[in-house]
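Subject: Structure handover and notes

Hi,

Here is the structure I promised to pass on to you. Have a look at it first, and then read on for my notes.

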Amino acid sequence: MSSSTPAKKYDPDRLVSVTLTVKEWHELTSAIDELTMGDYAPNKDGWRWMQEVMGVADRQTIMNLSDKILRTCDQESKE
């Protein structure tokens, strides 16, 4: 698998699909929750460092992605 920094240019607006098991979905959303809101979540300076040095999205963007994942899973469970 490639690193988080792509070697080539990609269309950032291209849609992608990911298929997860319920276990994988739970582990992913739990990790996102811990990273953004848990006891060990970075403080403001920690987030700034992660963004500047590691290229991580800001906290709100990550939380929005988590919400999108949760909404999608909730919709699929109602179908």
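Below are the conventions, followed by what turned up in the chain.

This is a predicted model, so local features need pLDDT of at least 70 and side-chain atom pairs count only at pLDDT 80 or more, while totals for chains, interfaces and linings use all residues. Residues are numbered from 1 along each chain as its sequence is written, and side-chain values use heavy atoms, with hydrogens and water left out.

**The chain overall**

The secondary structure amounts to three helices and zero strands, in the order α-α-α from the N terminus. Helices (H or I, at least four residues) and strands (E, at least two) are DSSP runs, numbered from the N terminus. Of the 79 residues, 11% count as buried. On that scale, buried is under 20% relative accessible area, exposed is over 50%, and partly exposed is in between, with a 1.4 Å probe and protein chains only. The accessible surface comes to about 7100 Å², and carbon and sulfur atoms hold 54% of that. Accessible areas are from the Shrake-Rupley method with a 1.4 Å probe, and for residues only the protein chains shown count as cover. As for contacts (heavy atoms within 4.5 Å), take those in the chain with a separation of 6 or more: residues 24 or more positions apart account for 43% of them.

**Helix H1**

H1 covers residues 22-37. The helix has 16 residues and reaches 22 Å from its first C-alpha to its last, close to the 22 Å expected at 1.5 Å a residue. That expected span is 1.5 Å times one less than the number of residues. Which residues of H1 are buried? They are Thr29, Ile32 and Thr36. Seen down the axis of H1, the buried residues fall within an arc of 55°, so they line one face of the helix. The arc is taken over the directions from the helix axis to the C-beta atoms.

Thr29, at 7% relative accessibility, touches Ser66, Ile69 and Leu70, not counting residues up to four places away in sequence. Thr36, at 3%, is in contact with Ala41, Trp47, Arg59, Ile62 and Met63, again leaving aside neighbours within four places in sequence.

Leu28 is also in H1, but is partly exposed at 36% relative accessible area. Together with Val18 and Leu20, Leu28 forms a nonpolar patch on the surface, with about 260 Å² of accessible area in total. Patches are made of residues with over 30% relative accessible area and no salt bridge; like charges are joined within 9 Å, and nonpolar side chains (Val, Leu, Ile, Met, Phe, Trp, Tyr) within 5 Å.

**Salt bridges**

How many salt bridges does a search of the whole structure find? There are two, counting a side-chain nitrogen of Lys or Arg within 4 Å of a carboxyl oxygen of Asp or Glu. Side chains of opposite charge can pair when their charged atoms come close.

- Lys23 and Glu27 meet at 3.5 Å, N to O. Both lie in H1, four residues apart, about one turn of the helix. Lys23 is exposed at 59%, and Glu27 is partly exposed at 43%.
- Arg48 pairs with Asp45, the closest N and O atoms being 2.8 Å apart. Being three residues apart in H2 (residues 44-54), they are separated by about one helical turn. Arg48 is partly exposed at 36%, as is Asp45 at 48%.

The buried residues of H2 are Gly46, Trp47 and Met50. They cover an arc of only 100° around the axis, which puts them on the same side of H2. On the other side, Lys44, Glu52 and Val53 are exposed.

Asp58 sits in the loop between H2 and helix H3 (59-78) and is partly exposed, at 30% relative accessible area. Leaving aside neighbours within four places in sequence, Asp58 is in contact with Trp47 and Gln51. Asp58 and Thr36 themselves are 22 residues apart in sequence and 9.5 Å apart in space, C-alpha to C-alpha.

Happy to talk any of this through.

Best wishes
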